[in-house]
Amino acid sequence: MLDSQPRASYPRIMTVQPNDSILIVDFGSQVTQLIARRVREAGVYSEIAPFNAAEAAFERMKPKGIILSGGPASVTTDGSPRVPQHFFEAGVPILGICYGQQVMCEQLGGKVVGGQGEGEFGRAFVEVSNRSALFDGLWKEGDRHQVWMSHGDKVAELPAGFAPVAVSEGAPFAVTSDEKRRFYGVQFHPEVVHTPDGAKLIANFARHVCGLAGDWSMAEFRATKIAEIRAQVGKGKVICGLSGGVDSAVAAVLIHEAIGEQLTCVFVDHGLLRQGEADQVVGLFREHYGIPLVHVNAETLFLSGLKGVTDPEAKRKFIGKTFIDVFDSEARKIGGAEFLAQGTLYPDVIESVSFTGGPSVTIKSHHNVGGLPERMNMKLVEPLRELFKDEVRALGRELGLPEIFVGRHPFPGPGLAIRIPGEVTKERCDILRKADAVYLDEIRNAGLYDAIWQAFAVLLPVRSVGVMGDGRTYDSVLALRAVTSTDGMTADVFHFDPAFLSRVATRIVNEVQGVNRVTYDFTSKPPGTIEWE
Ligand code: XMP
């Protein structure tokens, strides 16, 4: 199951159209995105479509294989989602995962029963009982392999043509197949890392079963995208907002490669960036790439507007709105641009629509240039819409962007404002910038930067008493945070060597005036969030 609410409809995303692709039909599993990643890691282009838009995606993509995801529903419930029946007659190999296996079996004449509380959750073992093309070169008869299960329902009767090829304690049909029609069903989740051979099984399906070459690469993506940007933009002008982060930087460099001087970048510097970041952005774009860049120094505007604001949502809303105002007015000064470029990523696209169409709980109002297209009535150029974060990094490297940009930790749009609980002032930003720079310097020196998803300091609205030399101090407390994550949706605390943390604390208290105590945040996400506000 492993699931959240399924999503109803995603905006149509693909215009690049590799000949060889796999369609992933989403039934709402939280880990559907991982299936897409595993397929792409096997060098095969894949796209996710929600079950109720799968038909259109099938027509458009003409996929060479289909994967049916897991999902929270029960096949035994009336009105639960189904696969378009003609997919089973298209002569295309199909892999059903968990709910995907159950729904396939049910639609082909088998039987699924409710788990009555006896499902399998977590680590389990399957024993291979028969040969299957899915296992070729990987698993042999008699082998026992660890997998990750999460299901209540299970297949009780197989459809005609199907046979079990692996069993587990809780599921006699842990893996089933119809080798003739090339249909495969797995009750476990091969897409998660807790199934050690899962990625290989998915690769086997994509390349061996579906017969795909596995030659989808960033170089190919780059060439296709450049052609596509040229076709979309023609002789038009494009403006692109740079944030200092990797996504907008990669989008801008790619677009510049496609259309050269037709692109102008606008960098709204809200004064809430880290130490040295504004200079890096200006240096790279204006000097290194020669990309026309408007650098707006709006620090005073942002800081004066943040005066007295302490509520996290009020900060976010003010920064988001002011950002749009400034960007809009600068863009109008440039004049004549019909297109707005954004570094939107695939997870933003597929998470932004909820299954019910209803509102989901807003934990934080994310700041991005989301409101701009409507306000400015511009057409969007979003060349990274199909990519995951690590793929954007790979594309950045392919484009020759310096590692300092490509490998940079994510940084939130509202910047340091949400790392200074309480009122944000220039003085507090400066203190935080200095402390944060010391922390990151130590992390880089220790060779840990790339092992961490995000590391940063938070300046707390708390003062503590200390002693330095012979004197009493009464200064701010700083919290350090470092997390590991694959997508920012969940995160684990990064465990430093205590000696490392002591060294950082000592340096910060000695070098940064205004901080006399340093703490470390041990909260994972959930229940915490990565940022403090
Ligand atoms: P949270 O704090 O929600 O953050 O766990 C998850 C990830 O999102 C980043 N983040 C933002 N990114 N605009 C952004 O572009 C925002 O408003 C924003 N708020 C949080 C955060 O740094 C982490 O990587």
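Which residues point one way from S2, and which the other way? Tyr45, Glu47 and Ala49 point one way from S2, while Ser46, Ile48 and Pro50 point the other way, and all are buried. Buried means under 20% relative accessible area, exposed over 50%, and partly exposed in between (1.4 Å probe, protein chains only).

The model is predicted: local features need pLDDT of at least 70 and side-chain atom pairs count only at pLDDT 80 or more, whereas totals for chains, interfaces and linings use all residues. Residues are numbered from 1 along each chain as its sequence is written, and side-chain values use heavy atoms, with hydrogens and water left out.

**Strands**

Helices (H or I, at least four residues) and strands (E, at least two) are DSSP runs, numbered from the N terminus. Strand S2 covers residues 45–50; six of its six residues are buried, so S2 is largely enclosed by the rest of the structure. In a regular strand the side chains alternate between the two faces of the sheet.

Two strands pair if DSSP finds at least two bridges between them. S1 and S2 pair in the parallel sense over six bridges, and Val25 has Ala49 as its bridge partner in S2. From S1 the chain crosses through helix H1 (residues 32–41) to S2, in a right-handed β-α-β crossover. Right-handed here means that, with the strands pointing away from the viewer, the path from the first strand over the helix to the second runs clockwise.

Strand S1 (residues 21–26) also pairs with S3 in the parallel sense, over four bridges; Ile22 has Gly65 in S3 as its bridge partner. Three bridges join S3 to strand S4 (residues 94–97), and these two run parallel. Ile66 stands opposite Ile94 in S4. Strand S3 (residues 65–68) is covered on both faces, with Gly65 and Ile67 buried on one side and Ile66 and Leu68 buried on the other.

Lys111, in strand S5 (residues 111–113), is partly exposed at 43% relative accessibility. Its C-alpha is 5.4 Å from that of Ala156, although Lys111 and Ala156 are 45 residues apart in sequence.

**Nonpolar cores**

A nonpolar core is a set of buried Ala, Val, Leu, Ile, Met, Phe, Trp, Tyr and Cys residues joined through side-chain atoms within 4.5 Å. The largest has 50 residues, of which Tyr439, Ile443, Leu478, Leu480, Phe496, Ile508 and Tyr520 touch the most other members. Helix H14 gives the largest share of this core, eight residues. Ile508 touches Ala435, Val438, Leu478, Leu480, Val515 and Val518, not counting residues up to four places away in sequence; contact means heavy atoms within 4.5 Å. Another core of 43 residues lies apart from it, including Cys240, Leu273, Ala278 and Val381.

**Aromatic rings**

Rings of Phe, Tyr and Trp (its six-membered ring) pair if their centres lie within 6.5 Å; planes under 30 degrees apart count as stacked, over 60 as edge-to-face and the rest as tilted. The count comes to 18 aromatic pairs. Trp216 and Phe221 have ring centres 6.1 Å apart and planes at 80°, so this pair is edge-to-face. Trp216 is buried at 11% relative accessibility, and Phe221 is buried at 1%. One aromatic cluster is formed by Tyr439, Phe494, Phe496, Phe500, Tyr520 and Phe522.

A charge sits over a ring if NZ of Lys or CZ of Arg is within 6 Å of the ring centre and within 35 degrees of the ring normal. The table gives two such cases.

| Charged residue | Ring | Distance from ring centre |
|---|---|---|
| Arg37 | Phe388 | 5.2 Å |
| Arg419 | Phe456 | 3.8 Å |
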